[in-house]
Amino acid sequence: MKLFARSIILGAAVSTPIFPGAMALSFARSSIFRRGCIAKKIGSTEGWRGSIASLGTEDAARKSLFCARQPFHPFASPVCFSSVDHSSNANGVESYSDSIKMKNANRKNKVDKDWSSYEKLVRKLYMTNLFNPVKLGLENMHKLHEAFGSPMDQANIAVVHIAGSNGKGSVALKTANTLQLANYRVGLFVSPHISSFRERIQINGIPISEGLVEKYLQEVFDVCETKQIPATFFEVTTALAFHVFAQERVDVVVLETGLGGRLDATNVIKHPVISVITSIGLEHTRILGDTVEKIALEKGGIIKEGCPVLVGKNVPTEVLRECAKEKRASGFYECADLLEPDEEPTFLGGRKMLEDYDVENSRITRAALTLIRKQLTEKSSDDRPIRFISDVIIDEGVKIRPPCRFEEFEISTTIREDDGSKKQTNVKVILDVAHNPQAMDYLIAKLISKYPTSKQRMVVGMSADKDLKYCTEILLGHVSHPKQLHLVEASHPRAASIESILEANPALVESYFEKHRNPNSLNSDGRDVSSVATQVRKALELAAKNDELLVVCGSVFIMADAREELGIVEPRDSDVIAEVAGAGMRNSQENFSDDKTKRQ
């Protein structure tokens, strides 16, 4: 049989107010799928259906990015964390999909003179670490923050600071989404991004525009030059977020740490309304420490004097309790101290009995919002008015899920039989950035729990600094044969190469991967830029033939290529930017360790 054609079933666009007194949100499918779409809610008998409308201008394309597909709620359609301008397009582009395809079509084969100001500035940012090697400590960041007037310490901005091995991005998004529904103007800083650098800095769920990046990033570079601050990529990006949030007058900033906590660039803030530590697992062990207790102390570095701290259940609680005591936190809380006990915890099957991580992330967010609500009420002023965060708003806000966190959709595929006839079939696809052993265990448990009888095919790519042996053993233990695994390598310099994955686990030699690489497909780092697209295409074809569930998992660095190959059309930075992404960050986002034995 031969794969003949495919389209994707998903998504819808509506616009409706959610709550009386709350802001009216415009809901739209942020990722529109090429080759024709029919909207269909996945995995819910109470879902919604509809067709994708024309979504307007290129400016709208900038504004719209990710949408969380959620169960039906009586108050609203599925909540997107973006809004879209439905005005007409003067350039004749009649749909969001068309405008994004036009933009992405220009990603390749640009020459220097054709680069936009945005491309030049973001290229410069990515290359910063080549010229400003990472310097341990927060000296650079303190100087940058002070140069802009210490915006995150201003009385009119409340800061929520979140760290953790897993779950911190989801908790940050759920928190920001809930506060937005309560009519706060919310800045969200997260990392890494999937397809566009602008995803890292969002205001009310909308990635900032290229124009704002051009304006404010240049100002950060000017300060670095004038004051001779040799700031690194993550320091400049963090300073950019702080500057944008202050200039665009947000009420609340939700900060996700980049790595660790104690020496993370976000940790220059002095008075967060709450510090949250979601979970502790073995990650970045060369940098953060080789035990969960050591890693916990690094994450606990975000705890501040006079500020409350909340921890999830998957942490060394007593280590963090003692850390909070030493730092004179105003209170140390677990979720059980703030919420009623779960009536019946949701456990997943698999190698271990694990709770559903989204349930745990939502519970942490609910507990955090209980404290945030109290803190914002106590610190209200003319500059920071009270906005009521009701339990109903919290229930709605925590439903959102980030893209590529057990993100589900179906691809409608036409295959040609050997006799020439055509057959229509749907392939269920799941995208998940499970990137370390703890997250891999959760992914497998979720798959077993939700799809216990489904045959599964998996495309996996990893980051070089992860435990490749352990992660791949988890995957091999899940599938019946290595042939159900497709190994890929992202073009990012931090991505693990096929060779390193095979060296870590020789049993994977029987899996699918590019054994004979085309020299024309190799980038300057020797990575095969066609690896992800080739194996996703192959895996989709086999999944269609064999009636299998297709899972794409691992490093965030493979997701942009995978999403594009699967037909998702969304804003994506050009190859001009992609070719230098990660320059100078081969081992980790930043090296924050102050242990000389770990400086490599």
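Which rings do ring pairs link into a cluster?

1. **The cluster.** Tyr126, Phe197 and Phe233 are the residues that ring pairs link into a cluster. Rings of Phe, Tyr and Trp (its six-membered ring) pair if their centres lie within 6.5 Å; planes under 30 degrees apart count as stacked, over 60 as edge-to-face and the rest as tilted. The structure holds four aromatic pairs.

2. **Basis of the note.** This is a predicted model, where local features need pLDDT of at least 70 and side-chain atom pairs count only at pLDDT 80 or more, while totals for chains, interfaces and linings use all residues. Residues are numbered from 1 along each chain as its sequence is written, and side-chain values use heavy atoms, with hydrogens and water left out.

3. **Tyr126 and Phe197.** The ring centres of Tyr126 and Phe197 are 6.4 Å apart and the planes stand at 75 degrees, so this pair is edge-to-face. Tyr126 sits in helix H3 (residues 117–126) and Phe197 in the loop between strand S7 (186–189) and strand S8 (201–203), so the pair ties together parts 71 residues apart in sequence. Helices (H or I, at least four residues) and strands (E, at least two) are DSSP runs, numbered from the N terminus. Tyr126 and Phe197 are both buried. Buried means under 20% relative accessible area, exposed over 50%, partly exposed in between (1.4 Å probe, protein chains only).

4. **Tyr357 and Tyr442.** Tyr357 and Tyr442 also form an edge-to-face pair, 5.6 Å centre to centre with 90 degrees between the planes. This pair links distant parts of the chain: Tyr357 is in helix H13 (residues 357–378), Tyr442 in helix H15 (residues 437–450), 85 residues apart. Both tyrosines, Tyr357 and Tyr442, are buried.

5. **Charges over rings.** Arg387 lies over the face of Tyr184, at 5.1 Å from the ring centre. The test: NZ of Lys or CZ of Arg within 6 Å of the ring centre and within 35 degrees of the ring normal.

6. **H7 against H8.** The axes of helix H7 (residues 210–226) and helix H8 (residues 233–247) come within 9 Å and cross at roughly 120 degrees. Axes are lines fitted to C-alpha atoms, for helices over the stretch in contact, and angles run from 0 to 180 degrees between N-to-C directions. H7 and H8 are therefore oblique to each other. Angles under 35 degrees count as roughly parallel, over 145 as roughly antiparallel, 65 to 115 as roughly perpendicular and the rest as oblique. H7 passes H8 in a right-handed crossing. A crossing is left-handed if the near helix is turned anticlockwise from the far one by less than a right angle, and right-handed if clockwise. Contact residues (heavy atoms within 4.5 Å) include Tyr216 and Leu217 of H7 and Val236 and Ala239 of H8.

7. **H3 against H7.** H3 and H7 pack at about 45 degrees, with axes 9 Å apart. H3 passes H7 in a left-handed crossing. Among the residues that meet are Tyr118 and Leu121 in H3 and Val213 and Leu217 in H7.

8. **Backbone points to check by eye.** The peptide bond from Ser191 to Pro192 is cis, with omega near -10 degrees. Pro192 is in the loop between S7 and S8. Phe406 is not a glycine, yet has a positive phi of about 50 degrees. At 4% relative accessibility, Phe406 counts as buried. Asp547 also has a positive phi, near 55 degrees. At 62% relative accessibility, Asp547 counts as exposed.
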